[in-house]
Amino acid sequence: MKNPDRNNPLKAILSIENLSVFYGKIKALNDVSFTVYPGEIVSLLGSNGAGKTTTLNAVSGVVRPKSGSILFKQKSLAGISASNIVKKGIVHVPEGRRIFPELTVSENLIIAGYLLSWKEKKLFQDRLAYAFSVFPRLKERRSQLGGTLSGGEQQMLAIARAIITGGDLLLLDEPSMGIAPKLVEEIFSTIVQINQTGKTILLVEQNAMMALNISDFSYVIETGSVAFSGDKEELLGNDRITKAYLGT
C-alpha cells in the first residue's frame, strides 16, 4: 500500500533535489532527486558504480555535493559537518562495516553512545538491551574482539552501533555484502524489526529482490541518475528492471 504522504513533499523526512557530486572531473551523481518519508524503508537499487554509495555519503556529509540540495526534516544540510549531521539524527552504517577490529563488541557499542551524556546512562542501557535483543549472538560475544567476528556478525555489530547512536534516519549501505545467505536473511529480518519501532531507513543493496521485498518504495539509479521509481509491484512489472537487476 502506498504512503498517502508521498503526495505531500512537506511531510518528507529527507528530500534530495537535483543532487550532483563530482570526484575530480568525474561526475558520480547527475541531478538526483528523491524523497523519503517518516517510517518508510526506501531502497536505492542499481549496478555497481551507479552512484548509490555516493548518494548515502552525500547525505551523511562524507562527500560534498557540487550542486543541489539535501533537506532533513525540511532543513538544509548544506555546509554541516558529518559529525553534526549525526547529531541531527542521521546515522550511517557504511559499506564494509567499519567497526573497530581491535576493540571488543562491548567497547564498540560503548563508543557508539558518544552523543549521550552521563545523565543519559539509562537511555544507553535501554538501547544496549534492545541491540542485544535483536542480535543475541552479539551479547554472547560481547567480550570478543570485533576483528575476530564473522562478516555477518560484524555487520550485526555495525547496525547495533547505529541503534545505540540513535537518530531518526538510518542509512544502510550494502548490509548483505560478503555475508552467508543464512545470516543475510537474519539481518534483513532485523532491519524490518528496527523499522517497525519507527526508524526510517534508506537502504542501498545489491540484492535487489531482498531489498524490494522489505521496501515501501524504491529508486533505481543508473549512471548517476534516477532512472525508475516505484513500489515493489510497479518495479517488478517493468521488464527492463527485472531483466537488468533480477535476472528474470
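Is T54 buried or exposed? With a relative accessibility of 9%, T54 counts as buried, because the cut-off for that label is under 20%. Keep in mind while browsing that this is a predicted model.

T54 sits in helix α1, which covers residues 52-59. If you set aside the neighbours within four places in sequence, the contacts of T54 are V21, Y23, A28, L29 and V63.

**Aromatic rings**

Let us turn to the aromatic side chains. The structure has two aromatic pairs. In one of them, the ring centres of F34 and Y219 are 5.3 Å apart and the planes stand at 45°, so this pair is classed as tilted. The label follows because planes under 30 degrees apart would count as stacked and those over 60 as edge-to-face.

F34 belongs to strand β2 (residues 26-36) and Y219 to strand β9 (residues 217-222), so their pairing ties together parts of the chain that lie 185 residues apart in sequence. F34 is buried, at 3% relative accessibility, and Y219 is buried too, at 7%.

**Salt bridges**

How many salt bridges does the structure hold? The count is seven. One of these connects the side chains of K73 and D168, with an N to O distance of 2.4 Å. K73 is found in the loop between β4 (67-72) and β5 (75-76), while D168 is in the loop between α6 (151-165) and β7 (169-173), so this bridge ties together parts 95 residues apart in sequence. K73 is partly exposed at 40% relative accessibility, and D168 is partly exposed at 35%.

Another salt bridge brings together the side chains of E186 and R137, at 3.4 Å from N to O. Here, too, distant parts of the chain are linked: E186 is in helix α7 (residues 181-195) and R137 in helix α5 (residues 136-140), 49 residues apart. E186 has a relative accessibility of 25% and counts as partly exposed; R137 is partly exposed as well, with a relative accessible area of 26%.

**A charged network**

E140 and R141 also form a salt bridge, and their closest N and O atoms are 3.3 Å apart. What are the accessibility classes of the two partners, E140 and R141? E140 is exposed, with a relative accessible area of 63%, whereas R141 is partly exposed at 24%. Through salt bridges that share partners, R137, E140, R141, E153 and E186 are joined into one network.

**Helix α3 against helix α6**

Next comes a helix pair. Two packed helices are described by the angle between their axes and the distance between the axes. For helix α3 (residues 105-112) and α6, the axes come within 8 Å and cross at roughly 35°. The crossing of α3 past α6 is right-handed.

Which residues make the contact? From α3 they are V105, N108, L109 and A112, and from α6 they are L157, A160, R161, I164 and T165. By type, the residues of this contact divide into six nonpolar, two polar and one charged.

Q74 has a phi near 70°, a positive value in a residue other than glycine. Q74 is in the loop between β4 and β5, the loop that also contains K73. With a relative accessible area of 35%, Q74 is partly exposed.

R98 is not a glycine either, and has a positive phi of about 55°. The place of R98 is the loop between β6 (90-93) and α3. Is R98 buried or exposed? R98 counts as exposed, at 60% relative accessibility, because that label applies to values over 50%.

Technical notes. Residues numbered from 1 in each chain as written. Predicted model: local features only at pLDDT ≥ 70, side-chain atom pairs only at ≥ 80, totals over all residues. Heavy atoms only, no water. Phe/Tyr/Trp six-rings, centres within 6.5 Å; stacked < 30°, edge-to-face > 60°. Helix = DSSP H or I, 4+ residues; strand = E, 2+ residues; numbered from the N terminus. Buried < 20%, exposed > 50% of the residue type's maximum accessible area, 1.4 Å probe, protein only. Salt bridge = Lys/Arg side-chain N within 4 Å of Asp/Glu carboxyl O. Axes fitted to C-alpha atoms, helices over the stretch in contact; angles between N-to-C directions. Left-handed = near helix turned anticlockwise from the far one by under 90°. Contact = heavy atoms within 4.5 Å. Nonpolar A, V, L, I, M, F, W, Y, C, P; charged D, E, K, R; others polar.
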